[in-house]
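Please read the following note alongside the sequence and the model. The points are numbered so that each can be taken up separately.

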2 protein chains.
Amino acid sequence: MHRTKVRIVEDALDANNTIAHANRDDFDRAGVAVVNLMSAPGAGKTTLLERTLAQLQGTRVGVLEGDVQGSYDSDRLAAMHVPVTQLNTDPGFGGECHLDANMVRTALPALPLDELDLLVIENVGNLVCPAEFRVGEDARAMVCSVTEGEDKPLKYPLMFRTCDVVVINKLDLLPHIDFDLDKLLYNIAAVNPGVQTMLASARNGGGVSQFSDWLASVAGRVGALA
Amino acid sequence: MHRTKVRIVEDALDANNTIAHANRDDFDRAGVAVVNLMSAPGAGKTTLLERTLAQLQGTRVGVLEGDVQGSYDSDRLAAMHVPVTQLNTDPGFGGECHLDANMVRTALPALPLDELDLLVIENVGNLVCPAEFRVGEDARAMVCSVTEGEDKPLKYPLMFRTCDVVVINKLDLLPHIDFDLDKLLYNIAAVNPGVQTMLASARNGGGVSQFSDWLASVAGRVGALA
């Protein structure tokens with residue numbers, strides 16, 4: 001009697017993690033550090049990247065730009081004269097609200113990994129699902145705009161909990177909004193005690209060098225291991 | 001010979017739509033109009049609702065509050081002395097980034113539908129997936145904050161395309177940001193020609209009466225049919 005065993009993948013995240021490891025191996029072989037950059041829509045990821053790329057000297061950076069549709073951010077970043085690859089989740093991936101390891105894997109052949117020290121993956125603007133999917137990154141950064149209110153860490157804890165650094169952006173708007181910065185910091189610490197936070201105003205360049213230094217340190221750390 | 005036909009549900013959205021119809025039937029029986037209110041995180045849905053509920057006279061309103069976790073918005077709205085039911089997507093629904101028809105269905109027994117003219121469903125803050133799932137609503141409204149930039153309709157077209165009204169919020173911040181309102185209106189019209197737009201500043205009450213009138217008109221339209 002012939003018996004067939006059917007293995008059930010109990011969790012789609014298992015499959016994702018398997019592919020994330022494969023991505024990780026490719027990144028390691030190329031000696032490239034990878035940062036997964038996440039935020040809500042309009043928090044200022046792209047503006048922060050524009051300002052940061054202008055400051056990052058001595059680190060060869062590439063960007064993988066994730067969006068549901070269009071290439072608006074890629075077009076902005078291409079002007080910075082860095083390699084930019086656009087990854088759209090619609091069509092092809094059903095208009096997904098996040099990047100997963102497999103989507104990133106399909107984009108790898110388009111990236112000049114061997115010529116990079118650092119790859120920044122700008123995820124789809126969303127505070128929920130991007131946090132659930134590892135893509136093979138070394139570190140995770142998120143941008144949180146003060147215009148979004150102090151309660152976001154409590155309402156989207158997984159995103160804040162899985163990040164290595166939280167950049168609090170649009171500080172220039174503080175005088176014009178009802179916002180308690182200490183309360184936001186308290187809420188961030190409540191869901192991710194000890195996580196590094198940075199204050200920034202990407203629009204006018206404030207705090208950009210701190211983020212730029214952090215990116216360089218991630219690239220240096222990984223480079224030293226390669 | 002016995003042959004079994006197996007029907008394949010080709011699209012999870014089919015199942016969602018079947019349940020959305022069941023919700024719709026229950027809403028019709030109770031004569032309650034339903035508005036699905038959506039936005040990115042921190043665009044100001046709850047503040048707009050607080051201000052609106054204070055103005056809505058003669059319409060009995062209830063709120064179904066969707067969040068991944070916590071009851072922060074419910075607690076705020078309960079102070080307005082309207083029936084509020086909290087619906088969390090985590091745990092129970094895997095921390096989903098949106099409400100679907102089945103989640104709403106599980107919450108219906110907790111809602112005093114027969115005592116309401118209007119139910120506002122405040123969806124999870126997300127510009128992608130909430131737009132994909134009908135929950136049995138009569139109309140869809142979205143809040144778009146000027147701090148999010150002019151490009152959001154182009155990057156998240158389904159959300160803007162499936163809405164009956166777009167409330168452009170935080171107008172009070174216009175003098176302090178780099179933002180072109182005409183460009184946003186142009187981009188909204190590009191993905192949803194002729195959609196109704198409203199300018200608002202929920203923080204100081206500007207434009208709230210227009211949204212309040214729109215909600216009352218939806219309730220009146222459905223009430224007249226009941």
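Leaving aside its neighbours within four places in sequence, with which residues is Ser201(A) in contact? The first point takes this up, after a word on conventions. This is a predicted model, in which local features need pLDDT of at least 70 and side-chain atom pairs count only at pLDDT 80 or more, while totals for chains, interfaces and linings use all residues. Residues are numbered from 1 along each chain as its sequence is written, chains are lettered from A and ligands numbered from 1 in the order in which they are written, and side-chain values use heavy atoms, with hydrogens and water left out.

1. Once neighbours within four places in sequence are set aside, Ser201(A) is in contact (heavy atoms within 4.5 Å) with Asn169(A), Lys170(A), Leu171(A), Asp172(A) and Gly206(A). Ser201(A) sits in the loop between strand 7 and helix 8 (208–225) of chain A, where helices (H or I, at least four residues) and strands (E, at least two) are DSSP runs numbered from the N terminus. With a relative accessible area of 5%, Ser201(A) is buried, a word used for values under 20%, with exposed meaning over 50% and partly exposed in between (1.4 Å probe, protein chains only).

2. Another loop residue is Asn192(A), found between helix 7 (181–191) and strand 7 (196–199) of chain A. Its relative accessibility is 12%, so Asn192(A) counts as buried. Not counting residues up to four places away in sequence, Asn192(A) touches Phe160(A), Arg161(A) and Cys163(A). The C-alpha atoms of Asn192(A) and Asp25(A) are separated by 28 Å, and the two residues are 167 apart along the chain.

3. Arg140(A) belongs to strand 5 (residues 139–145) of chain A and is buried, with a relative accessible area of 0%. Its side chain reaches the backbone oxygen of Phe133(A) at 3.2 Å. Not counting residues up to four places away in sequence, the residues that Arg140(A) touches include Asn36(A), Met38(A), Thr162(A), Asp164(A) and Trp214(A).

4. Turning to the two chains, chain A can be laid on chain B with an RMSD of 0.0 Å by a turn of 180 degrees and a shift of 0.0 Å along the axis, the copies being superposed by least squares on the C-alpha atoms of residues with pLDDT of at least 70 in both. That is the relation of a two-fold axis. In chain A, the C-alpha nearest the axis belongs to Asn126(A), at 3.0 Å from it. The same surface serves both copies, since 100% of the contact residues of chain A recur in chain B.

5. At the interface, 34 residues of chain A are in contact with 34 residues of chain B. The chains bury about 2,700 Å² between them, 55% of it on carbon and sulfur atoms, where buried area is the accessible area (1.4 Å probe) that two parts lose on being put together, summed over both. Pro41(A), Lys155(A) and His176(A) supply 22% of the area that chain A buries against chain B, more than any other three residues.

6. The count between chain A and chain B is 6 salt bridges, each being a side-chain nitrogen of Lys or Arg within 4 Å of a carboxyl oxygen of Asp or Glu. One joins Asp178(A) to Arg203(B), with the closest N and O atoms 2.9 Å apart. Another pairs Lys155(B) with Asp73(A), where that distance is 2.6 Å; this pair crosses between chains, from helix 5 (residues 152–155) of chain B to helix 3 of chain A. Both Lys155(B) and Asp73(A) are buried.

7. Within chain B, the side chains of Arg76(B) and Glu50(B) meet in a salt bridge (3.0 Å, N to O). Arg76(B) lies in helix 3 (residues 72–78) and Glu50(B) in helix 2 (residues 45–55) of chain B, so the pair ties together parts that are 26 residues apart in sequence. Arg76(B) is partly exposed, with a relative accessible area of 30%, whereas Glu50(B) is buried at 15%.

8. The side chains of Asp151(B) and Lys152(B) also meet in a salt bridge (2.5 Å, N to O), and both residues are buried. Salt bridges that share partners join Glu50(A), Asp67(A), Asp73(A), Arg76(A), Asp151(B), Lys152(B) and Lys155(B) into one network.

Definitions and conventions: A polar contact is a pair of N or O atoms within 3.5 Å; within protein, one must be able to donate a hydrogen and the other to accept it, and residues adjacent in sequence count only if both atoms are side-chain atoms.
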